[in-house]
Amino acid sequence: MSAAVTWFDPWSPAFVADPYPAYARLRAAGRAHWFERSGQWLIPHHADVSALLRDRRLGRTYLHRFTHEEFGRTPPCPEHEPFRTLDSHGLLEMEPPDHTRIRRLVSKAFTPRTVQRLVPTVRRLAGELAEELYERGGGDLISLFAEPLPVAVIAEMLGVPHADRGLLRPWSADIVAMFELNPSEETARRAVRASAEFSDYLRELIAERRRSPGEDLISGLITAQEDPEVWREAPHRKGGGGRQEGRLTEQEMVSTCVLLLNAGHEATVNTTANGWLTLFRDPDRLAALRAEPKALLPTAVEELMRYDTPLQMFERWVLDDIEIGGQVIPRGSEVALLFGSANRDPARFPHPDRLDLTRADNPHITFGGGVHYCLGAPLARLELAASFGALLERAPGLHLAEEPERKPGYVIRGLEELIVEV
């Protein structure tokens, strides 16, 4: 049985710079640790994290079974609307049957065949961006290369006009900042404002697609929404409204589009930046990758996602009592599944602190697991392989020009910027 941890400090500069020694200490101390400052149970081991991602006694929400009062939780702050409405109607914050209904519709845009059709487009965009970076002689790898690629791909899928795409990344950055632990009121205000602006924009875009449908995902969701063959009542969820099986409300459409943009590029951007910084700091591995890019890229991409995980922690509510290592965690608790720690667990990965670009047995959990396994994982892998491949080919002398500064977050691990030269 594990005691409460008082030394764990994910907000400290030392942790932000390198969280992995702290995770090793957590794993050595036990399997479940109470962390008073966040009101969560910390789960650091790969086997436990992997199992709990698939355990239906946990959920991303509890409102499909309980009201806030029944679950012993305080309702969300009214001042945080419309962020809460936007967030709660997104696929990531739902459980079956609502999650099943929406995922079934959205997953049609991420089938292997659909992703395969995107290969030429993604490779062309990555090549153009790499060429532009090379012609400039370098610059911020994040803003000039890592961000534009996945944003362009998701925007293309959604049907966002080219002229409006510059709006998307700032809105996304303000919204995802709310997923850090204990966000400040200023962070909340920015997230609320971004949520309102993004929602208004998407409602106008949805209305335009109703008038003039295209081949984009929004048009496809509208078609599914209006199909009379799928009009069947779904069960009502406790504490919330009813839903139509096979249908999306307009709020669900808005929330789904926002989630696809946020989840569809945040992890890819941060994996790209974290991965290149890792390679710059390991010149032998970088040289090996440059020597054999085609042979090494598939395993290298997986290893870079494992080695410095873009999403370090994933939260779940305990819907029914669970036991981990002799510690009973009661219903109503919240667990923090430590992806960053699980991906460095020596019980699953030999020499986990060593970057091994040839690592074949690599069951990292960067994309999650269970019903919430990342829908866009095949697309993310395509984008990462294309982006690393394009820079290896078109900017072979790429190197770090300035030591970067880490973003202060604990949940989302990324860099403020990554200044490079070619």
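The following legends describe close-up views of a predicted model.

**View 1. The largest nonpolar core and the surroundings of L391.** The largest nonpolar core of the predicted model comprises 90 residues. Within this core, the residues with the most contacts are W276, L279, L391 and L418. Helix α12, which spans residues 250–280, contributes the most to the core, supplying 12 residues. For L391, the contacts beyond four places in sequence are A130, L133, L141, F145, W276, P396 and L398.

**View 2. Helix α6, its length and its bend.** Helix α6 runs over residues 112–136 and contains 25 residues. From its first C-alpha to its last, α6 reaches 35 Å, which is close to the 36 Å expected at 1.5 Å a residue. At V119 the helix bends by about 40 degrees. A proline, P120, follows within four residues of the bend. Just after α6, the residue G137 adopts a positive phi of about 85 degrees.

**View 3. The buried residues of α6 and what covers them.** Helix α6 buries T114, V115, L118, V119, V122, L125, A126, G127, L129, A130 and L133. V119, where the helix bends, is one of these buried residues.

**View 4. The largest cavity and its lining.** The structure contains one cavity of 30 Å³ or more. The largest cavity holds about 50 Å³ of space. Its lining includes F15, V16 and P19, together with Q312. Further lining residues are K407, G409, Y410, I412, R413 and G414.

View 5. V301 belongs to helix α14, which covers residues 293–307. V301 counts as buried because its relative accessibility is 5%, below the 20% limit for a buried residue. Beyond four places in sequence, V301 touches L384 and A385. V301 and A385 are separated by 84 residues in sequence, yet their C-alpha atoms lie 6.6 Å apart in space. E302 is likewise located in helix α14. E302 has a relative accessible area of 15% and is therefore buried, again under the 20% limit. With residues up to four places away left out, E302 touches N362, H364 and R381.

View 6. L202 is part of helix α10, residues 185–211. The relative accessible area of L202 is 1%, so this leucine is buried. Leaving out residues up to four places away in sequence, L202 touches V254, C257 and V258. L202 and V254 are 52 residues apart in sequence and 6.1 Å apart in space, taken from C-alpha to C-alpha.

View 7. Most peptide bonds are trans. The bond from E81 to P82 is cis, with omega near 5 degrees. P82 occupies the loop between β3 (58–59) and α4 (83–88). The bond from P96 to P97 is also cis, with omega near 10 degrees. P97 is located in the loop between α4 and α5 (98–106).

View 8. Most residues other than glycine have a negative phi. N182, a residue other than glycine, has a positive phi near 50 degrees. N182 is placed in the loop between α9 (168–176) and α10. With a relative accessible area of 53%, N182 is exposed, because the limit for an exposed residue is over 50%. H351 likewise has a positive phi near 50 degrees. The loop between α15 (339–342) and α16 contains H351. H351 counts as exposed because its relative accessibility is 52%.

Notes: Residues are numbered from 1 along each chain as its sequence is written. This is a predicted model: local features need pLDDT of at least 70, side-chain atom pairs count only at pLDDT 80 or more; totals for chains, interfaces and linings use all residues. Side-chain values use heavy atoms; hydrogens and water are left out. A nonpolar core is a set of buried Ala, Val, Leu, Ile, Met, Phe, Trp, Tyr and Cys residues joined through side-chain atoms within 4.5 Å. Buried means under 20% relative accessible area, exposed over 50%, partly exposed in between (1.4 Å probe, protein chains only). Helices (H or I, at least four residues) and strands (E, at least two) are DSSP runs, numbered from the N terminus. Contact means heavy atoms within 4.5 Å. The expected span of a helix is 1.5 Å times one less than its number of residues. The bend at a residue is the angle between axes fitted to the seven residues ending there and the seven starting there. On a 1 Å grid over the protein atoms alone, a cavity is a set of points where a 1.4 Å probe fits but cannot get out, and a pocket is an open set with protein on both sides within 12 Å along at least five of seven lines; lining residues have an atom within 4 Å of a point. Grid points are joined across faces, edges and corners, and a volume is the space filled by probe spheres set on the points.
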